[in-house]
Amino acid sequence: MADTNRHRLLNLLAIPGNNTCAECGEANPEWASCNVGIFLCERCAGLHRGLGVDISRVKSIRLDNWDSDHVKTMEAIGNEKANALHEKHRPAFYKKPTRSDPQILLKEWICAKYSRKEFDDVDRQLAYTSTTKEGILMKRGKDDKKYNRRKFVLSRPENKMIYYQKDTVTSRPKAEICLDDINLVFVPGKMQQANGLQITYLLKGSTRNIFVYTDDSKDIVDWYLAIRAAKLERRKIAFPDRDEKDLAEDLTQDFIMEGYLSKMGPKNQPFKKRWFSLDKRKLMYYEDKLNPFPKGERFIGHRDGEFSVSMRAAEARPTQGYAFTLHMPGRDFILSAETREDMDQWICALQKVIETPLTPQDTKIASQLVPKRHEPFISMKK
Ligand SMILES: [Zn+2]
């Protein structure tokens, strides 16, 4: 009997929709929730277990015993039916997480879906769909590098987010950020903080980074969603004929690549180790990865505009690590990775950007970026 049940269960995995995790899309799920009727990867199974057995009963497909009733539930439901039911009112700005997303986004997604049932009823989404949002975020100080309580206010009608020097409203805000320019990326590893969020925007022609978190993971994800919701609303007004799903596609965008590289200093000075970040078409480097401003940043254009990347430097001169060259109009930029794998990943990422045609939005950013005169980004003239 047990063998028959297992056999029925394994057959279900072959059905399209069941062959990937119901939450994050990871291939070949090995776990299931026998009352929700879905198949899960190991990571999402762990998060489902955290919901409690009254909400989700998690079992291993291969290792646990399955009775006929549970198998019948799995046969009757399955991933596609369950998701159609539990994600019925998922707003377009609430991106479904993928396996590469940090734990905080997966955890809050699963809690929103089953514990708080936010996708059953739009009235349960008020924490991020209201026209204004106020609260306290822990913000890393620019100078003291400590995290301090700061008051943040998001206003959709004014299309901006402001924050104050203190944890209350003071006479003048410390900064006003236009929502059109804002990008958000969860960076738990970089900040050494599970709920760490990096907010970036352009300030006087330079990228400005703010690092924030809240102790309650729901709170910071609500902020993330509120900003995405506000951005989508603006886009819908600007492009009323376009599909909402398309408009929600890149409301925020994760960094393409981040990590340490060494760069050759000006006038062939020795290589210096820097934290590099490739954000859409902006390549930035920092002395410290949590610096509020990059030490240098450059817009990476299209190959028709004389941008390319090559391994030429490695052959041209003996250097430390694995060197490669980023060619830009009139300038070459020599970089070195610590491992061959890192170098390949950077070259591949840069090449992909260079091959991608420019969008009107890219051209706007290129025109806004002001090259830093006193901190040359480029190592040598051609
Ligand atoms: Zn999963």
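Modeller: Let me begin with axes: these are lines fitted to C-alpha atoms, for helices over the stretch in contact, and angles run from 0 to 180 degrees between N-to-C directions. Helices (H or I, at least four residues) and strands (E, at least two) are DSSP runs, numbered from the N terminus. Helix 2 (residues 42-49) and helix 5 pack with their axes 10 Å apart, at an angle of about 50 degrees. Please keep in mind that this is a predicted model, where local features need pLDDT of at least 70, side-chain atom pairs count only at pLDDT 80 or more, and totals for chains, interfaces and linings use all residues. Residue numbers start from 1 along each chain as its sequence is written.

Biologist: What makes helix 2 oblique to helix 5?

Modeller: Angles under 35 degrees count as roughly parallel, over 145 as roughly antiparallel, 65 to 115 as roughly perpendicular and the rest as oblique. The angle here is about 50 degrees, so helix 2 is oblique to helix 5. The crossing is right-handed; a crossing is left-handed if the near helix is turned anticlockwise from the far one by less than a right angle, and right-handed if clockwise.

Biologist: Which residues make that contact between helix 2 and helix 5?

Modeller: Two residues are in contact if their C-beta atoms, placed from the backbone, lie within 7 Å. Helix 2 brings Arg43, Cys44, Leu47 and His48, and helix 5 brings Leu106, Lys107 and Ile110. By class they divide into 4 nonpolar, 1 polar and 2 charged. For those classes, Ala, Val, Leu, Ile, Met, Phe, Trp, Tyr, Cys and Pro count as nonpolar, Asp, Glu, Lys and Arg as charged, and the others, Gly among them, as polar.

Biologist: Why are helix 5 and helix 8 called roughly perpendicular?

Modeller: The axes of helix 5 (residues 103-115) and helix 8 cross at roughly 95 degrees and come within 10 Å. That angle belongs to the class from 65 to 115, and therefore the two helices are roughly perpendicular to each other. Ile104, Leu105, Lys107 and Glu108 of helix 5 meet Ser217, Lys218 and Val221 of helix 8. This contact has 3 nonpolar, 1 polar and 3 charged residues.

Biologist: How do you know whether Ser336 is buried or exposed?

Modeller: Count again: Ser336 has 20 other C-beta atoms within 10 Å, so Ser336 is buried. Ser336 is found in strand 17 (residues 331-337). Across the chain, buried residues make up 34% of the 382 residues.

Biologist: And why does Arg242 count as exposed?

Modeller: Arg242 has 11 C-beta neighbours inside 10 Å, so Arg242 counts as exposed. Arg242 lies in the loop between helix 8 (217-238) and helix 9 (244-247). Ser68, in helix 3 (residues 68-76), counts as exposed because Ser68 has 11 C-beta neighbours inside 10 Å.

Biologist: What makes Asn159 partly exposed?

Modeller: Asn159 has 15 other C-beta atoms within 10 Å, so Asn159 is partly exposed. Asn159 lies in the loop between strand 5 (147-155) and strand 6 (160-163). Phi of Asn159 is near 55 degrees, a positive value in a residue other than glycine. Most residues other than glycine have a negative phi. Glu306 also has a positive phi, of about 65 degrees, although Glu306 is not a glycine.

Biologist: Why does Glu306 count as exposed?

Modeller: Glu306 has 12 C-beta neighbours inside 10 Å, so Glu306 counts as exposed. Glu306 lies in the loop between strand 14 (296-299) and strand 15 (308-310).

Biologist: To finish, how is the chain divided into domains?

Modeller: The division gives domain 1 (1-87), domain 2 (122-249) and domain 3 (257-368), with bounds that come from an automatic or database domain assignment. The C-alpha centres of domain 1 and domain 2 lie 36 Å apart. The chain has 12 helices and 18 strands.
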